[in-house]
Amino acid sequence: MALWTRSRRLPAQATAPAVETGTHDGTEADDRPLSDGSRGDPSAGRPDGGAGGEQGGHEAGAGQVVTSDDDGGARADGTTDANARNDTDTDTDTDTDTDTRNDNDTDTDTGARTDTFTGARTGTELQPRNRSRSRADERQGRPTAGSVGRRGHHPVAARVVRHGATTLAVLLVLAALLLPNKVGHLTAPMFVRLPAEGIWCAAALLLLGPGRNGRVRRLVPALAGTALGLMVVLKLLDIGFDAVYKRPFDLVLDWILLDDGQSFLRDSMGPAGAIGVVIGVLVLVILLLVLMAWAAVRLNRVLAGHGAAAATGTLVLGTVWVVCAALGVRNTAVPVASGGSAEFLQDRVQQVRAGLRDKEAFARESADDDFAGVPADRLLTGLRGKDVLFAFIESYGRSAVQDPEMGPRVSALLADGDRRLRAAGWSSRSAFLTSPTYGGGSWLAHSTFNSGLWIKNQQRYRNLTSGDRMTLTSAFRKTGAWRTVGIMPGVTRSWPEGKFYGLDHVYDSRTMGYKGPKFSWTPVPDQYSLSAFERLEHGKPGRGPMMAEIILTSSHNPWAPIPRTLGWDEIGDGSVYDAVKEEGKDPEEVWKDPAQVRTEYRRSIEYSLTSLITYVEKYGDENTVLVFLGDHQPVSTVTEDKLGRDVPVTILARDPAVLERVSGWGWHPGLKPGPDAPVWRMDAFRDRFLAAYGDRPGASAAATGR
């Protein structure tokens with residue numbers, strides 16, 4: 001009696017579900033005609049003889065209307081009964097399970113319930129309700145009748161796995177939202193903050209509600225997690241570009257640099273190693289996207305299963321975030337209230353817009369050329385009859401001459417070279433130019449120096465080289481007074497830009513007759529490149545004046561192995577470098593230690609400078625004018641993010657009249673610029689050089705250099 005009174009079931013109904021079978025037309029079983037023609041009394045044989053107990057027994061026995069309380073027990077008319085739920089849910093979590101059922105059941109405060117059956121029903125009544133409950137349980141992360149096996153046998157292990165998965169999902173989402181996009185910001189305090197984006201996302205998922213369409217509720221967090229994974233990929237690209245180029249990855253303009261990175265890996269690690277790295281990166285990206293989607297779906301299920309607690313927690317965290325933001329609460333050096341991911345995405349949107357607008361801005365800049373209308377016979381009149389050489393030394397930056405560790409050795413080499421050259425009648429002036437690029441992208445610096453325009457990205461480079469703007473080198477060709485050639489050892493395939501630069505002939509790594517090995521990225525050692533220039537062009541008898549652009553690449557990253565300086569008569573066809581390469585270091589070993597990287601960088605700069613200075617000593621004459629400079633600073637592993645983007649630039653000549661024309665520049669005497677030497681933007685050099693050695697189109701151009 002006590003059992004029946006508490007659960008409103010008969011004893012048999014308390015232990016087995018009440019299953020209705022047969023075909024109905026809206027008539028309850030106890031109201032059907034008996035064999036004697038009478039109808040059964042609904043109250044017959046019951047302790048209370050009441051209709052409310054019968055209807056309550058049908059409902060609790062069949063599991064038709066059961067609403068769980070916060071402790072997981074069944075609630076019927078305000079009375080808790082642990083045995084009232086007749087489903088297979090053995091999970092002991094304190095989930096709040098609110099199943100909305102559309103079955104026209106009405107529960108009154110007095111316990112009197114009325115089941116209304118409309119239409120004909122065939123089969124077992126319990127099955128559709130159990131399927132509805134199973135779908136609800138699946139949505140809220142509870143075991144169903146078909147999945148309880150393992151959890152039932154190992155409930156503790158299942159709970160540990162479930163809670164561990166939730167913890168992992170939380171950590172993944174927090175790490176993604178708090179991950180900075182700069183190398184210098186990768187510190188522990190950056191990951192101990194409260195991300196506003198996480199609070200917003202939790203609130204948005206709660207607004208979907210557990211009653212929404214299950215497919216939508218699963219799809220939204222899956223898409224959000226995938227988008228979060230893509231944001232992490234973009235942040236990692238930013239970190240890589242910040243480490244190398246000291247700027248973020250440009251979604252519009254920088255994809256071509258990934259191909260250059262693959263080429264660098266191939267040259268440094270070999271084809272197999274480069275392919276392995278690329279495959280590994282692709283696998284990691286896919287794994288990251290899958291993990292972030294899983295994490296978002298997992299957290300969504302937890303929120304759905306703990307609706308009330310999740311809503312309260314979200315409100316509390318939102319309040320804490322607002323208070324911390326208003327009071328400026330900081331975790332060491334960073335604010336506790338973080339909105340970094342939202343700012344990051346906003347910056348990327350603005351970056352894309354700026355990249356799209358930059359094309360029109362650059363078109364206007366390139367159309368403005370003070371020297372475009374200067375007649376050929378008035379260009380470069382102060383250098384007529386001279387051999388003018390422009391030499392770029394790869395990665396030769398301010399760090400090479402001013403870094404406390406590297407600077408003294410390089411400075412001593414330059415001082416010794418300057419002493420020898422002055423003894424031979426040479427004079428020099430030096431300063432600094434600010435490069436548009438950092439750690440790589442040499443062609444951007446070359447084009448900036450030549451065009452007088454700030455070529456800071458690949459889009460500008462393509463637009464420049466597809467146009468007809470006069471470059472510094474093409475100005476020599478325009479006069480008709482010089483033969484113009486290019487020594488390009490880093491070029492390994494067709495290079496149509498040679499025509500844009502006004503070069504009559506280009507010698508690349510395939511056409512200089514080199515029979516020796518590559519030195520990591522560098523196809524041809526610098527000393528051989530200068531030797532080939534002397535053999536193929538400069539040393540030819542009876543030639544006229546020439547202008548040459550020479551690219552020296554032995555100081556290119558990874559700076560191992562490094563060639564050693566040979567006697568000029570030992571070089572030959574370059575086969576002697578087979579033995580020289582064997583003497584060098586393995587780049588993989590060098591890059592395990594940043595100190596070794598810095599040492600080998602310094603040694604490579606010393607090799608390139610020695611090759612150039614000894615070439616001038618041996619082959620230069622009174623008509624030689626040499627302008628040599630760096631293209632950009634090396635990567636931050638070498639610079640340690642110091643000394644900016646400046647590169648040294650030097651003009652060297654034996655004829656005093658050449659340097660007299662630039663005496664007003666204020667450059668320092670010697671091969672090394674002092675710490676307080678003048679600093680120009682690299683795009684200023686073209687106009688100032690043309691104004692100094694030819695007719696000036698306007699006094700303002702010469703005075704300001706743009």
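User: Which residues in α18 are buried?

Analyst: First, a caveat: this is a predicted model. In α18, the buried residues are Asp-526, Gln-527, Tyr-528, Ser-529, Leu-530, Ser-531, Ala-532, Phe-533, Glu-534, Leu-536, Glu-537 and His-538.

User: What makes helix α18 largely enclosed by the rest of the structure?

Analyst: The helix spans residues 526–538. Of its 13 residues, 12 are buried, so α18 is largely enclosed.

User: What does Phe-533 touch, leaving out residues up to four places away in sequence?

Analyst: Phe-533 touches Leu-389, Val-485, Ile-487, His-538, Gly-539, Met-546, Ala-548, Ile-550 and Tyr-615.

User: Which residues touch the most other members of the largest nonpolar core?

Analyst: That core has 53 residues. Tyr-396, Phe-533, Tyr-577 and Phe-628 touch the most other members. Helix α21, residues 594–619, supplies the largest share of the core, with nine residues.

User: Why is Gln-459 called buried?

Analyst: Its relative accessibility is 11%. Buried means under 20%. Gln-459 therefore counts as buried. The residue lies in helix α15, residues 458–465. Beyond its neighbours within four places in sequence, Gln-459 is in contact with Leu-253, Gly-355, Asp-358 and Lys-359.

User: Why is Leu-287 called partly exposed?

Analyst: Leu-287 has a relative accessible area of 44%. The buried class ends under 20% and the exposed class starts over 50%, with partly exposed in between. Leu-287 is therefore partly exposed.

User: Which residues form the nonpolar patch on the surface, and which helix gives the most to it?

Analyst: The patch is formed by Leu-168, Leu-284, Leu-287, Leu-291 and Trp-294. Together they have about 450 Å² of accessible area. Helix α9, residues 255–305, gives the most, with four residues. Leu-287 lies in that helix.

User: Why do Cys-201 and Cys-324 carry the labels they do?

Analyst: Cys-201 has 45% relative accessibility. That value falls between 20% and 50%, so Cys-201 counts as partly exposed. Cys-324 has 12%. That is under 20%, so Cys-324 counts as buried.

Technical notes
Residues are numbered from 1 along each chain as its sequence is written. This is a predicted model: local features need pLDDT of at least 70, side-chain atom pairs count only at pLDDT 80 or more; totals for chains, interfaces and linings use all residues. Side-chain values use heavy atoms; hydrogens and water are left out. A nonpolar core is a set of buried Ala, Val, Leu, Ile, Met, Phe, Trp, Tyr and Cys residues joined through side-chain atoms within 4.5 Å. Buried means under 20% relative accessible area, exposed over 50%, partly exposed in between (1.4 Å probe, protein chains only). Helices (H or I, at least four residues) and strands (E, at least two) are DSSP runs, numbered from the N terminus. Contact means heavy atoms within 4.5 Å. Patches are made of residues with over 30% relative accessible area and no salt bridge: like charges are joined within 9 Å, nonpolar side chains (Val, Leu, Ile, Met, Phe, Trp, Tyr) within 5 Å. Accessible areas come from the Shrake-Rupley method with a 1.4 Å probe; for residues, only the protein chains shown count as cover. A salt bridge is a side-chain nitrogen of Lys or Arg within 4 Å of a carboxyl oxygen of Asp or Glu.
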